[in-house]
Amino acid sequence: MPNQPGWGEIVKVELEACLDAPLARYFDAQLDKDPDVLAQLLADKRNPNTRRAYEKDLKDFFLKMTTLPPTGDSVLEFLHLQREQAVMVVLKYKAMLIKSGLREATINRRLAAIKSLAKMGRKLGVCNYSLEDVSGEKVKAYRDTRGVDSKAIAVVIQQFDRETLIGKRNYAIFLVLWGLALRRQEICHLNVGDFDFYGRKLRVLGKGKGTNEEYLDMSRDVAAALADWLIARGDLNGNLPIFTALDFHNEGEHPKYAKINKETLFASFNRE
């Protein structure tokens, strides 16, 4: 009982025993060594093309500045530099790139990869500087990027024979590409169930931004062209691709499984 002699001493001993008890260390396996900053940076990129680009650019930086590919130790050594030292190293690297005649966009991409490495190092607590003082190159416009005018589009549209099945399909592909600004890969992954005729919407996976779905609004002409093609094809199963090959050997197949000629826009669809 609490009123008994020595009770307070017993409680004190028990509390001290609790405080001295060893705590389980659940995260020791993750924290028992220096972080691999480069590996973490690459793992943080969802797109495999982005990962390859970062890996290639950072490898170039370390090869030029240390004569060796990046390792855990060399990456940490770079991230442990003083801010002034790190900026000097990166500026020397930038000067080498300029001297080699690389285009401004390429130089900026490589500088961005190095800045991302430093940023990841700060997140992981092994770097205390920023490389924002290293400015990129001003990119020059090498070509006219205003796009095709409406007159040129009208000329192209006249080339489709919309009385034929292949003409209906190619006309629909062209309007979706032009009207919704989709990529060829996005066109290939469209299924019938992605097309909402009455709502005039098209469900597109990702749009280059991961795995999320995005619903795009369509004009009346685009929706009508898609509906005309699907009705003429005759199979409206929602799990089937919207656009299929029409040649003898690949008829009905998803275009990504057909032999796609990347050199021309419609080469994969013009075989009869």
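Helices and strands here are DSSP runs, numbered from the N terminus. Keep that in mind as we walk through this model, which is a predicted one.

Let's start with the overall layout. The protein has 11 helices and 3 strands. Follow the chain along its sequence and you read α-α-α-α-α-α-α-α-α-α-β-β-β-α. Of the contacts between residues at least 6 apart in sequence, 57% link residues at least 24 apart.

The protein has 272 residues, and 32% of them are buried.

What about disulfides? A disulfide is a covalent bond between the sulfur atoms of two cysteines. To be called one in this model, a pair of cysteine sulfur atoms has to lie within 2.5 Å. By that rule, the count is 0 disulfides.

Next, the backbone. Which residues other than glycine have a positive phi? Thr67 is one of them, with a phi of about 70°. You'll find Thr67 in the loop between helix H4 (48-66) and helix H5 (72-79). Its relative accessibility is 62%, so Thr67 counts as exposed, because anything over 50% gets that label.

Arg200 also has a positive phi without being a glycine, in this case near 55°. Arg200 is in the loop between strand E1 (195-196) and strand E2 (201-205). With 29% relative accessibility, Arg200 is classed as partly exposed, because that label covers values between the buried and exposed cut-offs.

Finally, let's turn to empty space. Rolling a probe the size of a water molecule over the atoms shows where such space is left. The second largest pocket has a volume of about 200 Å³. How many residues line the second largest pocket, and which lie nearest its centre? The lining has 13 residues, and those nearest the centre are Tyr171, Leu175, Asp221, Val222 and Ala225. Helix H9 (165-180) and helix H11 (220-233) are the elements that each give two or more residues to this lining. Sorted by class, the lining of the second largest pocket has 7 nonpolar, 4 charged and 2 polar residues.

How values were computed
Residues are numbered from 1 along each chain as its sequence is written. This is a predicted model: local features need pLDDT of at least 70, side-chain atom pairs count only at pLDDT 80 or more; totals for chains, interfaces and linings use all residues. Side-chain values use heavy atoms; hydrogens and water are left out. On a 1 Å grid over the protein atoms alone, a cavity is a set of points where a 1.4 Å probe fits but cannot get out, and a pocket is an open set with protein on both sides within 12 Å along at least five of seven lines; lining residues have an atom within 4 Å of a point. Grid points are joined across faces, edges and corners, and a volume is the space filled by probe spheres set on the points. Helices (H or I, at least four residues) and strands (E, at least two) are DSSP runs, numbered from the N terminus. Ala, Val, Leu, Ile, Met, Phe, Trp, Tyr, Cys and Pro count as nonpolar, Asp, Glu, Lys and Arg as charged, and the others, Gly among them, as polar. Buried means under 20% relative accessible area, exposed over 50%, partly exposed in between (1.4 Å probe, protein chains only). Contact means heavy atoms within 4.5 Å.
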